[in-house]
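Look it over before reading on.

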Amino acid sequence: MKILVVGHFTAISKSNIKKHFPDDWDIVIVPPGKEMLHHIGDCQVIIPEHIKVDRDLLAMASKLKLVQTGAGYDNVDIDACTQLGIWVANAAGVNAQAVAEHVMALVLSYYKNIPYLDRFMKTRIDEKQLDYTGSELKGKTIGIIGFGAVGKKVAEFCRVFGMSVLVNARHAVVQPDSLVRMTDFDNHVSLSDIVTVHTSLNPQTKQLIDKEVFKKMKHTALFINTSRGGIVNENDLIAALKDKEISGACLDVFESEPLSMDSELRNLSNVILTPHTAGMPDGVKFHKNRYDFFLKNINHINNGEEPESKLNQVL
């Protein structure tokens, strides 16, 4: 069994990944590029972290049985895989706790002004110069776009802080006695003090959040995205932040990654940035729960079974 893992990993991360699989499996870990092409022809499974799995790549993968992704799968041509008899599966929910915790860390950092306080303590001598503004979470309304495993966990955390929770999702079902309330999209963004995105990137959600949406938000609203950068029109977001149409943003994902060094987002004082690490609880480049899931799914394929969390149907 040959497994091709494509992404940018440290030597320690590569070692951890290889140790997670049986010793008699051929685990090849390479960055995107020419080296990857040397291995694509005889691998049975590909785990693509930083590449597009499109028709051109699939045409070279004559032995491929499974494309296994993390939570996101917008980098995979699922229709092409289906036509070629290749399973596609993601690992939905395995990083829900980590992402939800990251969201709450961002929310608290923003409203308690932690970045400013940290800089102040490290650069000021006279604490009389402190110009602190902060806010409690109790009584605030958070609007969650997408209500899968991550969205549900965020809602659970927010209720502990005494927040009201609004949900907008295409397929979510909220029970009548639930502590969250479903709303249509326009009400959702206009009523929320915080808008946080937890939906997948697909043709329906691509650039879902644009200048018209930002205009509907409160001027005091905080926007959070830990899902996929392509869901947001980044130029519109920057304009909304600069023009004070919204109060601030906390971002872990971007339209193009890594984020360009000359991106205006890096210089805005009302923005908190993290480098797409929300879903990584076990270190920057190794997620044990994710690889547990990958191993289980690969064994399903080995045994002639369907993978869990499948995204297509192979006949």
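A disulfide is a pair of cysteine sulfur atoms within 2.5 Å. The model is predicted.

Q: How many disulfides does a search of the whole structure find?
A: The sulfur of C250 has its closest cysteine sulfur in C158, 13 Å away, which is too far for a bond. C158 is in no disulfide. Across the whole structure, the number of disulfides found is zero.

Q: Is C158 buried or exposed?
A: Buried means under 20% relative accessible area. C158 has 0% relative accessibility, so C158 counts as buried.

Q: How far apart are the end C-alpha atoms of helix α5?
A: Helix α5 covers residues 96–111, 16 residues in all. At 1.5 Å a residue, α5 should span 22 Å. The model agrees, because the end C-alpha atoms of α5 are 23 Å apart.

Q: Which residue with a positive phi follows α5?
A: The buried residues of α5 include Y110 and Y111. After α5 comes a residue with phi near 55°, and that residue is N113.

Q: How many of the five residues of strand β6 are buried?
A: On one side of β6, T141, G143 and I145 are buried. On the other, I142 and I144 are buried. Strand β6 is therefore largely enclosed by the rest of the structure, with its buried residues numbering five of five.

Q: What is the bridge partner of I145 in β9?
A: β6 pairs with β7 in the parallel sense over five bridges, and there I145 partners N168. β6 also pairs with β9 in the parallel sense, over four bridges. In β9, the partner of I145 is V197.

Notes
Residues are numbered from 1 along each chain as its sequence is written. This is a predicted model: local features need pLDDT of at least 70, side-chain atom pairs count only at pLDDT 80 or more; totals for chains, interfaces and linings use all residues. Side-chain values use heavy atoms; hydrogens and water are left out. Buried means under 20% relative accessible area, exposed over 50%, partly exposed in between (1.4 Å probe, protein chains only). Helices (H or I, at least four residues) and strands (E, at least two) are DSSP runs, numbered from the N terminus. The expected span of a helix is 1.5 Å times one less than its number of residues. Two strands pair if DSSP finds at least two bridges between them.
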